[in-house]
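Please look over the following chain together with its coordinates.

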Amino acid sequence: MVENQELRKAGLKVTLPRVKILQMLDGSNERHMSAEDVYKALMEAGEDVGLATVYRVLTQFEAAGLVVRHNFDGGHAVFELADGGHHDHMVCVDTGEVVEFFDAEIERRQREIVKEHGYELVEHNLVLYVRKPQK
């Protein structure tokens, strides 16, 4: 099972709650899930995993590099599986919807700006806060 291999590779013991949570993150249509979202999805699937366990496991997954935590303004933390690919985010201020995007020109300009100021880019996180135009 792929989940078991991923857990072992990350140095985590394979436990039922960890496997269930990893399966939930991997199989969800929603790429960005809060701990509460994961908990509700597990409950709806008939899984008996407590909310405290979900929080603890997600924190362990983050420390192991399996998930990335995002703390967007005006909301709670959401988690996404770490796939190794860089992308930025748009967050709708009205609905909380998170949209991923990648733009090569934005990435290029950020590197240029950093260089112009005499720095080396170590890491970055671009979040655009958006809303649908009023009609």
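The buried residues of helix 2 are Arg18, Val19, Ile21, Leu22, Met24 and Leu25, where buried means under 20% relative accessible area, exposed over 50% and partly exposed in between, with a 1.4 Å probe and protein chains only. Helices (H or I, at least four residues) and strands (E, at least two) are DSSP runs, numbered from the N terminus. The model is predicted, so that local features need pLDDT of at least 70 and side-chain atom pairs count only at pLDDT 80 or more, while totals for chains, interfaces and linings use all residues. Residues are numbered from 1 along each chain as its sequence is written, and side-chain values use heavy atoms, with hydrogens and water left out.

**Overall layout**

- The chain contains 5 helices and 5 strands, which follow one another along the sequence in the pattern α-α-α-α-β-β-β-β-α-β.
- The C-alpha trace spans about 50 × 45 × 20 Å along its principal axes, and 31% of the 135 residues count as buried.
- Among the contacts with a separation of 6 or more, 43% join residues 24 or more positions apart, a contact being defined by heavy atoms within 4.5 Å.

**Nonpolar cores**

- A nonpolar core is a set of buried Ala, Val, Leu, Ile, Met, Phe, Trp, Tyr and Cys residues joined through side-chain atoms within 4.5 Å; the largest one here has 22 residues, and those with the most contacts inside it are Ile21, Leu25, Val38, Val54, Leu58 and Phe61.
- At least two residues of this core come from each of helix 2 (16-27), helix 3 (35-44), helix 4 (51-64) and strand 2 (77-81), and helix 2 gives the most, with 5 residues.
- A second, separate core of 5 residues includes Phe72, Val78, Val91 and Val98.
- Phe61 touches Leu7, Leu12, Arg18, Ile21, Leu22, Leu25, Leu66 and Val67, when residues up to four places away in sequence are not counted.
- In soluble globular proteins, nonpolar side chains tend to be buried together.

- Thr53, Val54, Val57, Leu58 and Phe61 are the residues of helix 4 listed as buried. They lie on the same side of helix 4, because they cover an arc of only 130° around the axis, the arc being that of the directions from the helix axis to the C-beta atoms.
- Ala52 and Ala63, on the other side of helix 4, are exposed, and the helix is followed by Gly65, whose phi is positive, near 85°.
- Tyr39 lies in helix 3 and counts as partly exposed because its relative accessibility is 27%.
- With neighbours within four places in sequence left aside, Tyr39 is in contact with Val49, Gly50, Leu51 and Val54; the C-alpha atoms of Tyr39 and Val54, 15 residues apart along the chain, are separated by 6.5 Å.

**Strand 3 and its partners**

- Strand 3 is mostly covered, with 4 of its 5 residues buried.
- Strands count as paired if DSSP finds at least two bridges between them; strand 3 pairs with strand 4 (residues 98-101) in the antiparallel sense over 4 bridges, and with strand 5 (residues 127-130) in the parallel sense over 4 bridges.
- Met90 has Val99 in strand 4 as its bridge partner, and in the hairpin of strand 3 and strand 4, with 5 residues between the strands, Gly96 takes a positive phi near 80°.

- His89 is found in strand 3 (residues 88-92) and counts as buried because its relative accessible area is 1%.
- His89 stands opposite Glu100 in strand 4, while its bridge partner in strand 5 is Val127.
- The side chains of His89 and His87 make a polar contact (3.2 Å), a term for a pair of N or O atoms within 3.5 Å in which, within protein, one must be able to donate a hydrogen and the other to accept it, and residues adjacent in sequence count only if both atoms are side-chain atoms.
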